[in-house]
Amino acid sequence: MKINSEAQTFSFNHIILLTLVLTSSLFFIGCGVVDVVPADTPAKSNIVFVTVTPEPSLTLSEGKRFTEEVAPEPTAGPYFADANELGKVMVLEYHRIAYPEERYQRTPDNLRYDLQRLYERGYYPVNFIDVVNGLTSVPPGKKPVVLTFDDSDISQFRMLPDNTIDADSAVGIIMNFHYQYGDEWPPRATFFVLGNDVQDHIAIFGQPEWTKAKLQFLVDVGMEVGSHTVNHTDLSVATAERIEWELAVSKHVIEQLIPGYTVQSLSVPYGGFPYTHDFLKAGNWGGYDYHYAGNVAAWGGPSVSPFDPAFERYKVSRLEINTTWMDHWLTYFDQNPDKYYISDGDPNRMTAPQQQTVAEN
Ligand SMILES: [Zn+2]
């Protein structure tokens, strides 16, 4: 992957200090904040909003590659014989991608290693919303896995001074892995971002001038952008009005930043659920309706299949990823292959193992 010299001429001539956007931001957030928002909602008085007209694509810096000897061709199972669409699905939960390895922080090398091991075992990346929608795009014999990233930290998507994507950021790692393996590993992941582009200390992915271009890039290559609320609020202790403000405004802000895109997925911060899941499905704040199709929990282990009667689309279990848990679950599913979801490749049929019927569940 060469660094595209055109990237050097990224259109900073299009940089606009958006007085107009400032005004409109105040219109759709500010007015409400001042007049209607719950008392515990932070004021947004110091708004600085700089944006860049996105180029058609961003380029990626070189980064580390993988050698053929550690990347054998995965063996897909027979078309139907081994299909098991009642098996478990891992929804992996990442936060920062940086050194050193610690809680809420996976190193770039370990993320690459995670991808490598998943690939070698026949896993296949999908977005979170694909699980909710019944995993219709997984090739036969493949095992779906979801990579999710919470908090929109800069280490998930960092632009370097030469205007290339940092190959050690999560997006750089995923894209380089995709460029290495092509259709065997499409660029799929779900980024649950804070729907807050107006407070620079928690700007989405930490570089306000790149916010729009980054979000557009994710969507353009096929990844998913979901909401992680506006201000990383624990919804289990928030008022009803605050909950609806967080869920409506974050969705609206993200959709403003990605024209034509619909946010469908949610990740409640701290795994804190409101007292009824009804808030997660739909609601309204200040004239902004919202609907979410699914929500992830912060823990719980591998999720049950979306075809399992126990599947709860507003409380889908995740695996908080560290080396111990990654080792544990990869080994477990190596030793118990009948426990994992294996696609039959047919988007219209759910295939259960021979010895098991849905009725018995
Ligand atoms: Zn979070």
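**Strand pairing, burial and backbone geometry in the predicted model**

Strand 4 pairs with strand 8 (residues 143-150) in the parallel sense, and 5 bridges connect the two. Within this pairing, tyrosine 94 has phenylalanine 149 of strand 8 as its bridge partner. Strand 4 also runs parallel to strand 16 (residues 316-320), to which it is joined by 2 bridges. Here leucine 92 is the residue bridged to leucine 319 of strand 16. The model described here is predicted.

The burial of strand 4 was examined next. In a regular strand, side chains alternate between the two faces of the sheet. In strand 4, Met90, Leu92 and Tyr94 point one way, whereas Val91 and Glu93 point the other way, and all are buried. Because 5 of the 5 residues of strand 4 (residues 90-94) are buried, the strand is largely enclosed by the rest of the structure. Two of the residues that point one way, Leu92 and Tyr94, also have assigned bridge partners: leucine 319 in strand 16 for leucine 92, and phenylalanine 149 in strand 8 for tyrosine 94.

At the level of the whole chain, 8 helices and 16 strands are present. The chain has 361 residues, of which 45% count as buried. Among contacts in the chain with a separation of 6 or more, 73% are accounted for by residues 24 or more positions apart.

The buried residues of helix 4 are Ala170, Val171, Gly172, Ile173, Ile174, Met175, Asn176, Phe177 and His178. An α-helix has 3.6 residues a turn, so residues three or four places apart point the same way. Just after helix 4, glycine 182 adopts a positive phi of about 60°.

Most residues other than glycine have a negative phi, and most peptide bonds are trans. The peptide bond from tyrosine 99 to proline 100, by contrast, is cis, with omega near -5°. Proline 100 belongs to the loop between strand 5 (96-97) and strand 6 (105-106).

A positive phi of about 70° is found at threonine 229, although this residue is not a glycine. Threonine 229 is placed in the loop between strand 11 (224-227) and helix 6 (240-257). It is buried, because 27 other C-beta atoms lie within 10 Å and the cut-off for burial is 20 or more. Tyrosine 270, also not a glycine, has a positive phi of about 60° and lies in the loop between strand 12 (265-267) and helix 7 (278-281). Tyrosine 270, however, is exposed, with 12 other C-beta atoms within 10 Å.

Leucine 194 occupies the loop between strand 10 (190-193) and helix 5 (211-221). This residue counts as buried because it has 26 C-beta neighbours inside 10 Å. Leucine 194 and serine 227 are 33 residues apart along the chain, yet their C-alpha atoms are separated by 6.2 Å.

Definitions and conventions. Residues numbered from 1 in each chain as written. Predicted model: local features only at pLDDT ≥ 70, side-chain atom pairs only at ≥ 80, totals over all residues. Helix = DSSP H or I, 4+ residues; strand = E, 2+ residues; numbered from the N terminus. Contact = placed C-beta atoms within 7 Å. Pairing = 2+ DSSP bridges.
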